[in-house]
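Here are my notes on the model, as numbered points. Please read them with the structure open.

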Amino acid sequence: MTTPPGQANLDSLARLTERLLHRPYPDGPTRVDVSVERLPHSVADIPIPASAHLLGSVLHSRGARPIAMEAVFDDDRSPDEVLVAYTAELRSLGWTDFETGGPMRGGFASGAWGQGGAFRRPEGDGPVLMISVVSKETGPTDVRVRLDWQLARRMPLGVPGGHPGMDKLPSLNPPAGVTLRDHNVSGSDRVWTAAAMARTDRTAAELEAHFAAQLLRENWTRVAGAAQDAVSWSTWQLPGDESWRGVLTIVGVFGPAEQYLTLRIEFEDADDEG
């Protein structure tokens, strides 16, 4: 049977891509399989972002054992919409958040690498699933779903150690097209502060509303606040039984194009009152 010219071109492109992606691996020979507009058969049952267009995927394996898989999608929704919907779908199916470790998970993200999350199957075994979404200047949102079969084995058991409260700062991602700089995270046992600066034409009120929406998704409870073009703030109660509270502040005192962002959390001990 003669292969259609279009399919022949796709097959040639897939073989070229496989050769370009192949790298030596210290533990033995590896294999790279590229699939156009589909997932590898071995992982076809994983949830995929609804309404996203699958461009293709690549599977790295050693012998019969998979190492990593990455799938690339286009999505007409915003990064926030994609991430919220996909995260909700995974959690509804029993997938749980996977802490990838590191000295600090939270604070203001630069935005250059997009936003995302990591999850594990309900059984607690198998690969770690990671999603990242990046807004492009033109065209649809770039969505990447990655499976990693080695990450969990490399991670130490339990939550990474550190001072109490260091894991309570969520990761806050800027609006599409806004890049943050001058990042800083500092703290101690009872107080943690994340800060950054944004050059943007968005007002303080717009930025506060954007970051506040992310705190709400982290199950923070808004207590009070005020929104103005130059200065906006809100106070929060953190989830859980501990007496952690927070304050989000956006200040544009040096001109409308420079916005200074601060998220501070502190432990309120009832024994210290008075």
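1. Terms for the strands come first. Two strands pair if DSSP finds at least two bridges between them. Helices (H or I, at least four residues) and strands (E, at least two) are DSSP runs, numbered from the N terminus. With that in hand, N184 has A195 in β11 as its bridge partner. Six bridges connect β10 with β11, and the two run antiparallel.

2. A word on the source. This is a predicted model, in which local features need pLDDT of at least 70, side-chain atom pairs count only at pLDDT 80 or more, and totals for chains, interfaces and linings use all residues. Residues are numbered from 1 along each chain as its sequence is written, and side-chain values use heavy atoms, with hydrogens and water left out.

3. Overall content. The protein has four helices and 15 strands. It has 274 residues, of which 36% count as buried (buried means under 20% relative accessible area, exposed over 50%, partly exposed in between; 1.4 Å probe, protein chains only). Take contacts (heavy atoms within 4.5 Å) between residues at least 6 apart in sequence: 56% of these join residues at least 24 apart.

4. The open sheet. Six strands make it up, in the order β10-β11-β15-β14-β13-β12, with antiparallel pairing. Which strands stand at the edges? They are β10 (180–187) and β12 (221–227); each has a single partner strand, so one side of each lacks a neighbour in the sheet. From one strand to the next, the twist averages 10°.

5. Helix α4 on the sheet. α4 packs there, touching β10, β12, β13 (231–237), β14 and β15. The direction of α4 makes about 15° with that of β13 (axes are lines fitted to C-alpha atoms, for helices over the stretch in contact, and angles run from 0 to 180 degrees between N-to-C directions).

6. Helix α4 itself. Its 14 residues reach 20 Å from first C-alpha to last, close to the 20 Å expected at 1.5 Å a residue (the expected span is 1.5 Å times one less than the number of residues). Buried residues in α4 include A204, L207, H210, F211 and L215. An α-helix has 3.6 residues a turn, so residues three or four places apart point the same way. Just after α4, N219 takes a positive phi of about 70°.

7. The cores. A nonpolar core is a set of buried Ala, Val, Leu, Ile, Met, Phe, Trp, Tyr and Cys residues joined through side-chain atoms within 4.5 Å. The largest has 24 residues, and F108, L180, F211, L248, L261 and L263 have the most contacts inside it. β11 (191–199), α4, β14 and β15 each supply at least two residues of this core. Which element gives the most? That is α4, with five residues. Apart from this core lies another, of 22 residues, with L54, L90, W95 and F119 among them.

8. Contacts of L248. Not counting residues up to four places away in sequence, L248 touches F108, F211, L215 and L263, among others.

9. Aromatic pairs. There are three in the structure (rings of Phe, Tyr and Trp, its six-membered ring, pair if their centres lie within 6.5 Å; planes under 30 degrees apart count as stacked, over 60 as edge-to-face and the rest as tilted). In one of them, F108 and F211 have ring centres 5.3 Å apart and planes at 80°, so the pair is edge-to-face. F108 sits in strand β5 (residues 107–108) and F211 in helix α4 (residues 204–217), so this pair ties together parts 103 residues apart in sequence. F108 is buried at 8% relative accessible area, and F211 is buried at 0%.

10. Another pair is W244 with F267. Their ring centres are 5.6 Å apart and their planes at 65°, so the pair is edge-to-face. W244 lies in strand β14 (residues 244–251) and F267 in strand β15 (residues 258–267), so the pair ties together parts 23 residues apart in sequence. W244 is buried at 3% relative accessibility, whereas F267 is partly exposed at 26%.

11. Strand β8. Is β8 (residues 141–148) largely enclosed or left open? Six of its eight residues are buried, so β8 is largely enclosed by the rest of the structure. Eight bridges join β8 to strand β3 (residues 65–75), antiparallel, with M69 opposite L147. Seven bridges join β8 to strand β7 (residues 128–134), also antiparallel, with M130 opposite R146.
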